[in-house]
Amino acid sequence: MDPARVAAAMFDSESRTFAVRLWDGTLLPPARDAGVRGVVLLRDPAALDALVPPAAERRLAEAILDGRIELEGDAIALVEAAARWTGPRPHPALAAAIAGALARRALHALGPAPLEARLHGGRHSVRRDRDAVRHHYDVSDAFYRLFLGEDLVYSCAYFPTGGEGLEEAQRAKLELVCRKLALAPGERFLDVGCGWGALIEHAAVRHGARATGITLSQHQLRTAEARAERLRGRADLAVRSEDYRTLRPEAPFDKVASVGMMEHVGRARLDAYFAAVHRLLRPGGLFLNHAIASVDGRGPTLPWAGQRGGGFIWRYVFPDGELVPIAEVIARAALAGFEVRDLECLREHYAETLAAWLGRLEERYGEAVGLVGERRARLYRLYLAASAAGFRLGRISVFQLLLARPDAEGRAVGTPRSRSGWYAERAKGRPERARG
C-alpha cells in the first residue's frame with residue numbers, strides 16, 4: 001500500500017487537532033482547527049513504523065531523537081494536541097502496514113539506544129541512585145545554563161503575579177521555601193539534593209542560616225563548592241557529596257528542605273526517606289518537601305502510546321524516577337511521625353517554568369547542539385515540551401508540603417498563625433542574591 005495513503009488513514013480521526021506534513025510535502029490538515037501553531041513532520045515513510053498500532057512511547061521518542069519525526073513550531077501545543085487525539089487505531093486499510101511494521105519490529109527489537117540510561121544493581125540502592133543522578137545531571141553545566149540561567153535553579157519557579165521573568169520567579173520560589181520554613185539567623189539548615197547550590201546560598205545570604213547541601217552529582221558538587229568558596233567569610237554554607245540515607249551530622253538540623261529530589265527516591269523507599277529526614281531534624285523542626293506527583297486516574301500524557309518497560313522520561317531523562325500521588329506521600333510522611341502543616345499546589349507554575357526553559361533552549365539551540373550534540377538537544381526539547389504538556393493537562397502536578405516534627409510537648413517551632421507573611425511583598429532594598 002502507498003505510504004502516503006497509509007499515513008492518511010492513520011491520521012484520519014475527528015479528534016486530531018494538529019496538522020501533519022509528509023515527506024513529499026503533502027499536508028494533512030487537522031480534522032478540527034483548535035489553533036495549534038505547528039505541524040508534525042514525518043521526514044520519511046519509515047517514520048510511520050513508530051506510529052503503527054500498537055504505538056509505543058519509546059518508539060515515538062526514538063523517531064523524534066533520530067529526526068525522522070519533527071515537532072515544528074509550538075512543541076508544547078503539539079504534544080497537548082497529540083495527548084487529546086485518540087491516536088492511530090487499527091483500521092482495515094492499515095492491515096498490511098501493521099503486519100509489515102510488526103514483522104520489522106520482531107526482526108529489529110529495540111536494544112539500549114544512545115543516551116538511554118544503563119544502570120546496574122538493585123533499584124534505589126545507594127550506588128544505583130548515585131548513577132541515576134549522574135546520568136541526568138552530570139552532562140554539562142554550560143548546557144544547563146543555556147536554559148536554566150546563571151543561578152542554575154532546576155525546579156518549579158514561583159510566578160506570584162504572572163508577570164515575573166524566570167530569574168525573578170526562581171528567586172521568589174527560593175524565598176517562599178525559606179519563609180515557609182521560618183528560617184532564622186544561626187539555624188542549621190539542610191537542603192537534601194541541593195543541586196548547584198542556589199537554595200543554600202539564598203538561605204545563608206538572605207536569612208543568615210548555617211546552610212548545608214548534599215548532592216550525588218559531581219558537576220553540581222563542584223559548582224556548589226565554588227559558591228561556598230566565593231562567599232567564604234560572608235555567609236555560612238557548605239556542600240557535601242552524600243546520600244540522605246548515610247548522612248550522619250554532628251547535630252540535628254533545625255530546618256530541612258527537599259526540592260525536586262523526592263522524585264528520585266522511589267515509591268518503595270518513601271518510608272525510609274521520611275524516616276531519614278525525621279532522624280536528621282530536631283524535635284520541633286520543620287521540613288519542606290517540594291516534589292512532582294502523579295495524579296490518580298489521569299494516566300500518561302499520551303494515553304494511546306504504551307509504556308511497557310518504562311516511558312520515555314524514565315528511560316532517557318530520570319532513570320528509576322517515580323511519581324507518587326500526593327495522598328500517598330502525606331500518608332507515608334505521617335507514618336514517619338510528621339505532622340502536616342500546609343500543602344500548596346504549584347502545577348500551573350511548573351507549566352510556565354518549563355515553557356520558559358524550552359523557549360530559552362530553542363533560542364540557543366545551535367549552542368546546545370555544539371555543547372551536547374544534536375540527539376541530546378532533541379532529547380531535552382522533547383522532555384521539556386512533554387513535561388510542560390503533562391502539567392498543563394493535569395496528568396502530573398507539583399506540591400510543596402510543609403511538615404513538622406513535633407517536640408515532646410507537641411509543638412512545632414516557626415509555624416505561623418497566618419500564611420499571609422509567606423506571600424507578602426519582599427522587603428525593598430535587600431539583595432536578591434549574593435554576588436561575588
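Which residue forms a salt bridge with Arg37, and how far apart are the closest N and O atoms? The partner is Asp74, and the closest N and O atoms lie 3.3 Å apart. A salt bridge here is a side-chain nitrogen of Lys or Arg within 4 Å of a carboxyl oxygen of Asp or Glu. The pair links distant parts of the chain, 37 residues apart. Arg37 sits in the loop between strand S2 (27-28) and strand S3 (38-42). Asp74 sits in the loop between strand S4 (69-73) and helix H3 (75-84). Side chains of opposite charge can pair when their charged atoms come close. The structure holds 40 salt bridges.

This is a predicted model: local features need pLDDT of at least 70, side-chain atom pairs count only at pLDDT 80 or more, and totals for chains, interfaces and linings use all residues. Residues are numbered from 1 along each chain as its sequence is written, and side-chain values use heavy atoms, with hydrogens and water left out. Helices (H or I, at least four residues) and strands (E, at least two) are DSSP runs, numbered from the N terminus.

**The four-stranded sheet**

An open sheet of four strands runs in the order S2-S1-S3-S4. Its pairing is mixed. Two strands pair if DSSP finds at least two bridges between them. S2 and S4 stand at the edges with a single partner strand each, so one side of each has no neighbour in the sheet. Strand S1 (residues 19-21) and S2 run antiparallel, joined by two bridges. Arg21 stands opposite Leu27 in S2.

H3 lies across S3 and S4, at about 120° to S4. Contact means heavy atoms within 4.5 Å. Axes are lines fitted to C-alpha atoms, for helices over the stretch in contact, and angles run from 0 to 180 degrees between N-to-C directions.

**The seven-stranded sheet**

A second open sheet has seven strands, ordered S7-S6-S5-S8-S9-S11-S10. Pairing is again mixed. The edge strands are S7 (237-241) and S10 (339-345), and each pairs on one side only. Neighbouring strands are turned by 15° against each other on average, direction ignored. S10 and strand S11 (residues 396-404) run antiparallel and share six bridges. Cys345 has Phe399 in S11 as its bridge partner.

Helix H7 lies across strand S8 (253-259), strand S9 (281-294), S10 and S11. H7 runs at about 30° to S11.

**Helix packing**

| Helix pair | Axis distance | Angle |
|---|---|---|
| H7 (residues 166-180) and H13 (residues 347-363) | 11 Å | about 140° |
| H6 (residues 141-148) and H13 | within 7 Å | roughly 115° |
| H3 and H15 (residues 374-393) | within 8 Å | roughly 55° |

Take H7 and H13, which pack at about 140°. That makes H7 oblique to H13. Angles under 35 degrees count as roughly parallel, over 145 as roughly antiparallel, 65 to 115 as roughly perpendicular and the rest as oblique. The crossing of H7 and H13 is left-handed. A crossing is left-handed if the near helix is turned anticlockwise from the far one by less than a right angle, and right-handed if clockwise. Leu166, Glu167 and Gln170 in H7 meet Thr353, Ala356, Trp357 and Arg360 in H13. By class, this contact has three nonpolar, two polar and two charged residues. Ala, Val, Leu, Ile, Met, Phe, Trp, Tyr, Cys and Pro count as nonpolar, Asp, Glu, Lys and Arg as charged, and the others, Gly among them, as polar.

H6 also packs on H13. Phe143, Leu146, Phe147 and Leu148 in H6 meet Trp357, Arg360 and Leu361 in H13. The residues divide into six nonpolar, no polar and one charged.

H3 and H15 cross at roughly 55°. That makes H3 oblique to H15. Their crossing is right-handed. From H3, the contact includes Ala75, Ile76 and Val79. From H15, it includes Arg381, Ala385 and Leu393. In total, the contact has nine nonpolar, no polar and four charged residues.

**Backbone details**

The peptide bond from Pro53 to Pro54 is cis, with omega near 0°. Pro54 lies in the loop between S3 and helix H2 (57-65). Leu115 is not a glycine, yet has a positive phi of about 80°. Leu115 lies in the loop between helix H4 (95-107) and helix H5 (126-137). His124 has a positive phi near 65°. His124 is also in the loop between H4 and H5.
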